[in-house]
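Please consider the structure shown below. The paragraphs that follow begin with its core and then turn to individual residues.

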Amino acid sequence: MFESIEDMRDGIAEALEKKKHFTVFDNDLSKLWPAARHTRQKQIEAIQKFAKENGWEVKIRDQGLIATFSKISAEPAGVR
């Protein structure tokens with residue numbers, strides 16, 4: 001689906017214009033951030049950094065590595 005980090009950034013940004021969340025799965029994530037030899041921690045940190053640099057939040061589930069991106073909420077947690 002995504003061939004470069006720029007493709008992923010643009011695809012997520014476009015999706016977040018229409019939806020609250022956008023999920024990217026392991027097959028695309030691993031193309032851009034290959035898993036570390038013994039741990040996924042560096043891979044997860046790189047994905048978190050990518051989200052932060054683009055003004056998004058990301059929730060990562062490590063069941064095959066799934067990352068769900070969303071826009072950063074302007075309201076503090078618990079305030080509505």
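Which residues have the most contacts inside the largest nonpolar core? They are M8, I12, V24, L29, I47 and F69, in a core of 18 residues. A nonpolar core is a set of buried Ala, Val, Leu, Ile, Met, Phe, Trp, Tyr and Cys residues joined through side-chain atoms within 4.5 Å. Two or more residues of this core come from each of α1 (5-18), β1 (21-25), α3, β2 (56-61) and β3. These helices (H or I, at least four residues) and strands (E, at least two) are DSSP runs, numbered from the N terminus.

The model is predicted: local features need pLDDT of at least 70, side-chain atom pairs count only at pLDDT 80 or more, and totals for chains, interfaces and linings use all residues. Residues are numbered from 1 along each chain as its sequence is written, and side-chain values use heavy atoms, with hydrogens and water left out.

A46 belongs to helix α3, residues 41-53. A46 counts as partly exposed because its relative accessibility is 25%; buried means under 20% relative accessible area, exposed over 50%, and partly exposed in between (1.4 Å probe, protein chains only).

Strand β3 (residues 66-71) contains T68. With 14% relative accessibility, T68 counts as buried. Apart from neighbours within four places in sequence, the contacts of T68 are H21, F22, T23, E57, V58, K59 and R61.

Note on methods: Contact = heavy atoms within 4.5 Å.
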